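Trainee: I am about to look at this structure for the first time. May I put my questions to you in order?

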Amino acid sequence: MLTSKQRATLRGIASTYETIFQVGKGGISDTLVQQVSDALRKRELIKIHVLDNCPLSAREAAEELSEKTESDVVQVIGSRMVLFKRNPKEPVIKF
């Protein structure tokens, strides 16, 4: 679980990041979960865009993805979400 100070730091870092995944009309598939999990392992912090034709809202998609990848939801703004999962072996982001 992230503290509010850690969450604020991560929001600041994520503001410069580009969106690397999109959730579309297919919703959250096993392939997407695997790709997000791999990206989180490498980057620790990723930004995802939920398209208008997605059956889930951005908040619902964020909660489902964070549960399936065992990550933390940093923020959800509009149709974008930011997820964080610390890499225990080689941390990229230091607090």
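**Backbone and exposure**

Trainee: Is glutamate 44 buried or exposed?

Mentor: The relative accessible area of glutamate 44 is 0%. Buried stands for values under 20%, exposed for values over 50% and partly exposed for those in between, with a 1.4 Å probe and protein chains only. Glutamate 44 is therefore buried.

Trainee: What kind of model is this?

Mentor: Residues are numbered from 1 along each chain as its sequence is written, and side-chain values use heavy atoms, with hydrogens and water left out. Local features need pLDDT of at least 70, side-chain atom pairs count only at pLDDT 80 or more, and totals for chains, interfaces and linings use all residues, since the model is predicted.

Trainee: Where does glutamate 44 lie?

Mentor: Elements here are DSSP runs numbered from the N terminus: helices (H or I) of at least four residues and strands (E) of at least two. Although glutamate 44 is not a glycine, its phi is positive, about 75 degrees. Its place is in the loop between α2 and β2.

Trainee: What is the relative accessible area of glutamate 70?

Mentor: Glutamate 70 sits in the loop between α3 and β3. Its phi is also positive, near 55 degrees, in a residue other than glycine. Glutamate 70 is exposed, with a relative accessible area of 65%.

**The sheet**

Trainee: In what order do the strands of the sheet lie?

Mentor: Two strands count as paired if DSSP finds at least two bridges between them. Here 4 strands form an open sheet with mixed pairing, in the order β1-β2-β4-β3.

Trainee: Which strands are at the edges?

Mentor: An edge strand of this sheet pairs on one side only. The two in question span residues 19-23 and 72-77. They are β1 and β3.

Trainee: How many bridges join β3 to β4?

Mentor: Strand β4, residues 80-84, runs antiparallel to β3. Along this pair, glutamine 75 stands opposite valine 82 and valine 76 opposite methionine 81. The two strands also form a hairpin with 2 residues between them, and glycine 78 in the turn has a positive phi of about 60 degrees. The number of bridges joining β3 to β4 is 5.

Trainee: Which residue of β4 stands opposite histidine 49?

Mentor: β2 and β4 run antiparallel and are joined by 5 bridges. Of the 5 residues of β4, 4 are buried, so this strand is largely enclosed by the rest of the structure. The residue opposite histidine 49 is arginine 80.

Trainee: How many nonpolar, polar and charged residues are in the contact of α2 with α3?

Mentor: Contact means heavy atoms within 4.5 Å. Val33, Val36, Ser37 and Leu40 in α2 meet Leu65, Lys68 and Thr69 in α3. Ala, Val, Leu, Ile, Met, Phe, Trp, Tyr, Cys and Pro count as nonpolar, Asp, Glu, Lys and Arg as charged, and the others, Gly among them, as polar. By class, the contact has 4 nonpolar, 2 polar and 1 charged.

**Single residues**

Trainee: How far apart in space are methionine 1 and aspartate 72?

Mentor: Methionine 1 is in the segment before α1 (4-14) and is exposed, with a relative accessible area of 86%. Leaving aside its neighbours within four places in sequence, methionine 1 is in contact with Gln6 and Asp72. Methionine 1 and aspartate 72 are 71 residues apart in sequence, and their C-alpha to C-alpha distance is 6.9 Å.

Trainee: Which residues does alanine 58 contact?

Mentor: Alanine 58 lies in helix α3 and is buried, with a relative accessible area of 8%. Its C-alpha atom is 6.9 Å from that of methionine 81, 23 residues apart along the chain. Leaving aside neighbours within four places in sequence, its contacts are Val50, Val76, Gly78, Ser79 and Met81.

Trainee: Which residues does isoleucine 20 touch?

Mentor: Isoleucine 20 lies in strand β1 and is partly exposed, with a relative accessible area of 29%. Not counting residues up to four places away in sequence, isoleucine 20 touches Ala39, Arg43, Ile46 and Lys47.
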